Amino acid sequence: MKRGSRFLSAVLLLSMSVLAGCGGSGKPAATASQGTVHNGDQVVTIAIGSAAPDTETSHYQQFLVAFKEQVEKETAGKVKITMHPNGVLGGEREMVEAVQLGTLDAVITGAGPLGNFAPMFNALDFPFLFRDREHAYKVLDGEVGAEIAKQLEDQGMKLIVWPENGFRNMTNNKHPVKKPEDLKGLKLRTQENKVHLDVFRDYGASPTPMAFTELFTAMQQGVIDGEENPLSVIIPNKFYEVQKHMTISEHFYQAAPFIINKAKFDSLTPEQQKIIQAAAEAARDHEREFIFKMNNQFLQTARDNGMQIVPREEFDREAFVQASEHVYKKYEQEYGDLIKKIRNTQ
């Protein structure tokens, strides 16, 4: 109930912001979240939303705190960062929409929902696409990542850096999952992403798109049987309180782009833009390393709280890879060239 009421309040807040920001031209006017226009002396505020908890074990919070400290230090307080974690401004898709409108300045979000705004992002969401985390970093921090990010600018948003969620794993309340047949009939929450939905249909599950802010309560009440997320999301959000089984499947790698309203970024001075870019890159590297170091601790926390874990060596990866072939064929014309670029990145 607490999560539900908080989500409702956030939706109402965003709705009022959009309504208040629309004049006769139909364009959103500047809101408090956009801060003050910089003239060399005034303070600029950048409001950043996140669906993750504001705890030390949250990788999003690790990114935001590191980013905030460096930006405010390097700008001598001329740029202020305000953080809005815990989904208080709505679900990830809602916050991306708010950034697009300009009623929210920036967001760190799972890459999944971004395919609804810039289709090239969907190419990142194919199963078993990335060989390992180093491969993912080379793709995202290089030419392919820049090409994908560019498409977002047509929607009024700018991708600053690519932090990560990491590799996603499956949890459920019914039974262990080792092979695709074990997913048959399971009602599994997925992100609002067409590739994810098709993948889990091919595996035999009943995928159910749902905002992250609604997920815990839905599992608690038995509305859905399970979900899939990285350890860095599953454990800090205490999903072990409402899920019995976890499979270390690592079926998707997911980035967590840090994006900002493009008009907001363009309104900053060149020096401020450089500081924000450098601070975001440093925070990205810190966040990635934090996840890597915490994964073993996250697994132990899951065990300590009674989760039954199917380890990587007991997961039938090859069976899942074969079951994934259909989705690659389905989208070959749409994403085939980009997927080849990703796979060929060394």
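The model is predicted: local features need pLDDT of at least 70, side-chain atom pairs count only at pLDDT 80 or more, and totals for chains, interfaces and linings use all residues. Residues are numbered from 1 along each chain as its sequence is written, and side-chain values use heavy atoms, with hydrogens and water left out.

**Whole chain**
- The protein chain holds 13 helices and 12 strands. These are DSSP runs, numbered from the N terminus: helices are H or I with at least four residues, strands are E with at least two.
- Of its 346 residues, 55% count as buried. Buried means under 20% relative accessible area, with a 1.4 Å probe and protein chains only.
- Among contacts with a separation of 6 or more, 76% join residues 24 or more positions apart. A contact means heavy atoms within 4.5 Å.

**Helices α2 and α10**
- Two packed helices are described by the angle between their axes and the distance between the axes.
- The axes of α2 (residues 59-74) and α10 (residues 270-304) come within 8 Å and cross at roughly 150°. Axes are lines fitted to C-alpha atoms, for helices over the stretch in contact, and angles run from 0 to 180 degrees between N-to-C directions.
- The two helices are therefore roughly antiparallel, a label for angles over 145 degrees.
- Residues making this contact include F63 and F67 of α2 and F290 and I291 of α10.
- By class, the contact has 14 nonpolar, four polar and three charged residues. Ala, Val, Leu, Ile, Met, Phe, Trp, Tyr, Cys and Pro count as nonpolar, Asp, Glu, Lys and Arg as charged, and the others, Gly among them, as polar.

**Helices α5 and α13**
- The axes of α5 and α13 come within 10 Å and cross at roughly 150°.
- That makes α5 roughly antiparallel to α13.
- V144, E147 and I148 of α5 meet L338, K341 and I342 of α13.
- Four of these contact residues are nonpolar, none polar and two charged.

**Enclosed helix α4**
- Six of the eight residues of α4 (residues 133-140) are buried, so the helix is largely enclosed by the rest of the structure.
- The buried ones are R133, H135, A136, Y137, V139 and L140.
- Their cover includes α5 (143-153), β5 (164-172), β10 (253-255), α10 and α13 (332-344).

**Buried H196**
- H196 lies in helix α6 (residues 194-203).
- H196 is buried, with a relative accessible area of 0%.
- Leaving aside neighbours within four places in sequence, H196 contacts D125, Q191, E228, F252 and Q254.

Conventions
Buried < 20%, exposed > 50% of the residue type's maximum accessible area, 1.4 Å probe, protein only. Parallel < 35°, antiparallel > 145°, perpendicular 65-115°, else oblique.
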